[in-house]
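Visitor: I've got a protein on the screen and a few things I'd like to ask about it. Could you walk me through the fold and its contacts?

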Amino acid sequence: KAGAMLRRAREAAGVTTQQLGAAIDLSDPALLERAESGKVALPFEVVLRLATAVVLRFKHALACPRPSEYSPNIQPMIPVPGHASFPSGHSTESHAAAAVLSALARQAAGSPLHVQLMRMAGRITDNRTVAGLHFPADNAAGQALGLAIGDYFVGLAKGSGTAAQPAP
């Protein structure tokens, strides 16, 4: 229990910063070095809107309760959104954005930038559990959905009309 309390305290700043959205910070110099911001902003915005629309349909259809609805012992660090828990919207959006940004920067899976983007998405995702808003299963489902949306978006942008093929 003490370890969980320490982790919540350590992650509090990230949780509150990411409260309103899951956008990966495009002001990060490492990202801007590798991708021209003008060529990134529009696809980034479009994929976030697509991910949000898709994840909300799942949330409304599945109507899974949030952790705090199961126990009064769970005290979320920030206000609880009014929609369902599963799948995590922050996980969906951040993983879709990471996949698209990696593709825009022409990074293969496993490249340093790709790994950095996925770690950033993972941290955004984990912070939602630390904050008391999601179960790990919500996050895993959001990650899978986000990566699928990102791959699909990249495939459409390449003109294939289908999801992108996984990198070798």
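What follows is a short chat about the helices, their packing and a few residues.

Visitor: Let's start simple: how many helices and strands does the protein have?
Guide: Keep in mind that this is a predicted model. Along the sequence, the pattern reads α-α-α-α-α-α. The count is six helices and zero strands.

Visitor: What share of the residues is buried?
Guide: The protein has 168 residues. A residue counts as buried under 20% relative accessible area. By that cut-off, the buried share is 39%.

Visitor: How are H4 and H5 oriented to each other, roughly parallel or roughly antiparallel?
Guide: Their axes come within 9 Å and cross at roughly 175°. Angles over 145 degrees count as roughly antiparallel. H4 and H5 are therefore roughly antiparallel.

Visitor: Which residues of H5 meet H4?
Guide: On the H4 side, the list includes His90, Ser91, Ser94 and His95. By class, this contact has seven nonpolar, eight polar and one charged residues. The H5 partners are His114, Leu117, Met118, Ala121, Gly122, Ile124, Thr125 and Arg128.

Visitor: And H4 with H6: is the crossing left-handed or right-handed?
Guide: The axes of H4 and H6 come within 7 Å and cross at roughly 35°. Among the H4 residues that meet H6 are Ser91, Ala96 and Val100, while Gly142, Gly146 and Gly150 are among those on the H6 side. The residues of this contact divide into nine nonpolar, eight polar and one charged. As for its hand, the crossing is right-handed.

Visitor: What about H5 and H6, roughly parallel or roughly antiparallel?
Guide: These two pack at an angle of about 150°, with their axes 9 Å apart. H5 passes H6 in a right-handed crossing. With over 145 degrees as the cut-off, H5 and H6 are therefore roughly antiparallel.

Visitor: Which residues in H6 meet H5?
Guide: H5 brings Met118, Thr125, Arg128 and Thr129 to this contact. The residues involved divide into three nonpolar, three polar and one charged. From H6 come Pro136, Asn139 and Leu147.

Visitor: Now Ser91: buried or exposed?
Guide: Ser91 has its place in helix H4. Not counting residues up to four places away in sequence, Ser91 touches Thr125, Asn139, Gly142 and Gln143. Its relative accessible area is 0%, so Ser91 is buried.

Visitor: Is the aromatic pair stacked or edge-to-face?
Guide: There is one aromatic pair in the structure. Tyr70 and Phe135 have ring centres 5.7 Å apart and planes at 70°, and over 60 degrees is the cut-off, so the pair is edge-to-face.

Visitor: How many residues apart are Tyr70 and Phe135?
Guide: Tyr70 lies in the loop between helix H3 and helix H4, and Phe135 in the loop between helix H5 and helix H6. Tyr70 counts as exposed at 57% relative accessibility, and Phe135 is partly exposed at 30%. The pair links distant parts of the chain, 65 residues apart.

Visitor: Last one: what separates the C-alpha atoms of Ala53 and Glu93?
Guide: Ala53 is found in helix H3 and counts as partly exposed at 44% relative accessibility. Along the chain, Ala53 and Glu93 are 40 residues apart. Their C-alpha atoms are separated by 10.0 Å.

Definitions and conventions: Residues numbered from 1 in each chain as written. Predicted model: local features only at pLDDT ≥ 70, side-chain atom pairs only at ≥ 80, totals over all residues. Heavy atoms only, no water. Phe/Tyr/Trp six-rings, centres within 6.5 Å; stacked < 30°, edge-to-face > 60°. Helix = DSSP H or I, 4+ residues; strand = E, 2+ residues; numbered from the N terminus. Buried < 20%, exposed > 50% of the residue type's maximum accessible area, 1.4 Å probe, protein only. Contact = heavy atoms within 4.5 Å. Axes fitted to C-alpha atoms, helices over the stretch in contact; angles between N-to-C directions. Left-handed = near helix turned anticlockwise from the far one by under 90°. Nonpolar A, V, L, I, M, F, W, Y, C, P; charged D, E, K, R; others polar. Parallel < 35°, antiparallel > 145°, perpendicular 65-115°, else oblique.
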